[in-house]
Amino acid sequence: MTTPPTILHHGASSRTSGVTGAPDVPVAQGIVDGDERALTEAYHLYGPMVRGYLRRFVDQDEVDDVLQVVFLELWRSRERIDPSRPFEAWLFGIARKRAIDQLRRRRHGVIPVESIRELVGEDGDRFVDRIAWAAEIRVALAGLPDEQQEAIELSYFEDLTQQEIAGRLGIPLGTVKARMARGMRRLARHIDGGEDR
Amino acid sequence: MSTPEETDHHQVDLVGLLAGETDREETAQAVRHLGTCDRCTAELVALVGANAALRSAARAGHELDTVPAVPAVHRGEVAGPGPGPVDRGEALPPLDLTSPVRRESGRPDIRRRVLVAAAAVVVLLVAVGAGLALSHRGGPVGTVVAQAPLHPMAGPPDASGTLTAVADGGTRQLTVETSALADPAPGSFYEVWLLDPATLKMLAVGVLPPSGTGTYDMGADIMAGYSAVDVSLQADDGNPAHSSTSVLRGTF
């Protein structure tokens, strides 16, 4: 079972490190403190969504290189991370800048209007904020007990009804309802900034 | 039927209510109860926040094609990278901070450049071969005037394709061949477009047949106004505009 993460105002998503074997240290705080294991953990936690974000703007064969650049810059800028802001906003802010750099470097190919719209200006601000918020929630969700996480993910990410989840998992409908309710209450407390701080 | 006051807190399925999964009686019961119960109302307010956050995260996950691999990870069917956001079907490359100069440049390394160049040569040969094959198959006898490898955008990362344009007098026959594209969901289809990067002008060329290979004729003057080809995933909803979901793209 994983420990619920610390999210939001303090920005330091915290979780037990299933990847690195590191102790339960807030990821962002670990990075600020210069702990490379925290950087590795952040890479595994956030890398897929950062890559998904970059894919919208960066040539396919350059995405993984830019992904590495983003995390390198995260590491190098760790002393400037503002603990009063969400860590995800900082990370995706770096990703956005590097994506803009890549678009500027393009000499050939198509830059779709929708890409520009999602990257720059107020629309770009809103889009990256939304993605950073989503990453924050995804990490918080990953910190729930497995059975709660599973029920919620099947409902929200797989669009299954509670009845369908019960059938999929072979458990009573009431158990699904209870797991979802418990998990969502915990998420609600995270959002409210009240629990596990 | 119980009155609101008689309804126990645990009988009100707030999560089901938010998900739209309560029936008429359950919904009416919940609404009546919420009108009289501060405790459940406060919990509903909290759950509304969680519900909104999860819906937002799910929408973003679908937009970025990064949704959790829930059943596989939890059932131990695959060795995932641990809980957290999982990129479906594609592992992250190892984190490599050992070559900061190269990484800071944001450009592919030499080995990758060589591989990309080699792949381009192969694709070019394939495209030329396709053009020749067209001629031998009874297609328009002419010269291959343009070809382009198609690179994956959204969709399967191993998807690929080629565009070959053959001149036949004032006509250009475009052949788009794709591979490893997922079958479109019911009610959707792939469509081929030409693009002009300078003006972002777009021309719908036609629907890509289920075989993954489509051939389209157009005037040379029309084609001359474009220099890129795009394959999009479209919903069969009567909207003729590009869906913004590009699955393959290439320049020629």
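Modeller: Happy to! Two strands pair if DSSP finds at least two bridges between them. With that in hand, and remembering that this is a predicted model, let us look at strand S8 of chain B, residues 246–251.

On one side, 2 bridges join S8(B) to strand S1 of chain B, residues 143–152, and the two run antiparallel. That count meets the requirement of at least two bridges, so S1(B) and S8(B) are a pair. Within S8(B), B:Leu248 is the bridge partner of B:Pro152.

Strand S7 of chain B, residues 228–235, also pairs with S8(B) in the antiparallel sense, over 5 bridges. B:Ser246 in S8(B) is the bridge partner of B:Ser232, and B:Arg249 in S8(B) is the bridge partner of B:Asp230. As background, strands of a sheet pair through backbone hydrogen bonds, either parallel or antiparallel.

Stepping back, S8(B) belongs to an open sheet of 8 strands in chain B, with the order S5-S4-S7-S8-S1-S2-S3-S6 and antiparallel pairing. The edges are strand S5 (201–207) and strand S6 (213–219) of chain B, each of which pairs on one side only. Neighbouring strands in this sheet are turned by 25 degrees against each other on average, with direction ignored. S8(B) itself is mostly covered, as 5 of its 6 residues are buried.

Chain B has helical parts worth a look too. B:Ser56 lies in helix H3 of chain B, which spans residues 38–64. The relative accessibility of B:Ser56 is 11%, so this residue counts as buried. Beyond its neighbours within four places in sequence, B:Ser56 is in contact with A:Arg130, A:Trp133 and A:Ala134.

B:Glu43 is found in helix H3 of chain B as well. With a relative accessible area of 23%, B:Glu43 is partly exposed. Again leaving aside neighbours within four places in sequence, B:Glu43 is in contact with A:Arg185 and B:Leu14. B:Leu14 is 29 residues away from B:Glu43 in sequence, and their C-alpha atoms are 8.4 Å apart.

Of the 197 residues in chain A, 55% are buried. Among chain A contacts between residues at least 6 apart in sequence, 58% join residues at least 24 apart.

The axes of helix H2 (residues 36–55) and helix H3 (residues 63–76) of chain A come within 10 Å and cross at roughly 135 degrees. H2(A) and H3(A) are therefore oblique to each other, and H2(A) passes H3(A) in a right-handed crossing. Residues making the contact include A:Leu39, A:Tyr43, A:Tyr46 and A:Val50 from H2(A), with A:Val66, A:Leu67, A:Phe71 and A:Trp75 among those from H3(A). By class, this contact has 13 nonpolar, 2 polar and 4 charged residues.

Definitions and conventions: Residues numbered from 1 in each chain as written. Chains lettered and ligands numbered in written order. Predicted model: local features only at pLDDT ≥ 70, side-chain atom pairs only at ≥ 80, totals over all residues. Heavy atoms only, no water. Axes fitted to C-alpha atoms, helices over the stretch in contact; angles between N-to-C directions. Helix = DSSP H or I, 4+ residues; strand = E, 2+ residues; numbered from the N terminus. Parallel < 35°, antiparallel > 145°, perpendicular 65-115°, else oblique. Left-handed = near helix turned anticlockwise from the far one by under 90°. Contact = heavy atoms within 4.5 Å. Nonpolar A, V, L, I, M, F, W, Y, C, P; charged D, E, K, R; others polar. Buried < 20%, exposed > 50% of the residue type's maximum accessible area, 1.4 Å probe, protein only.
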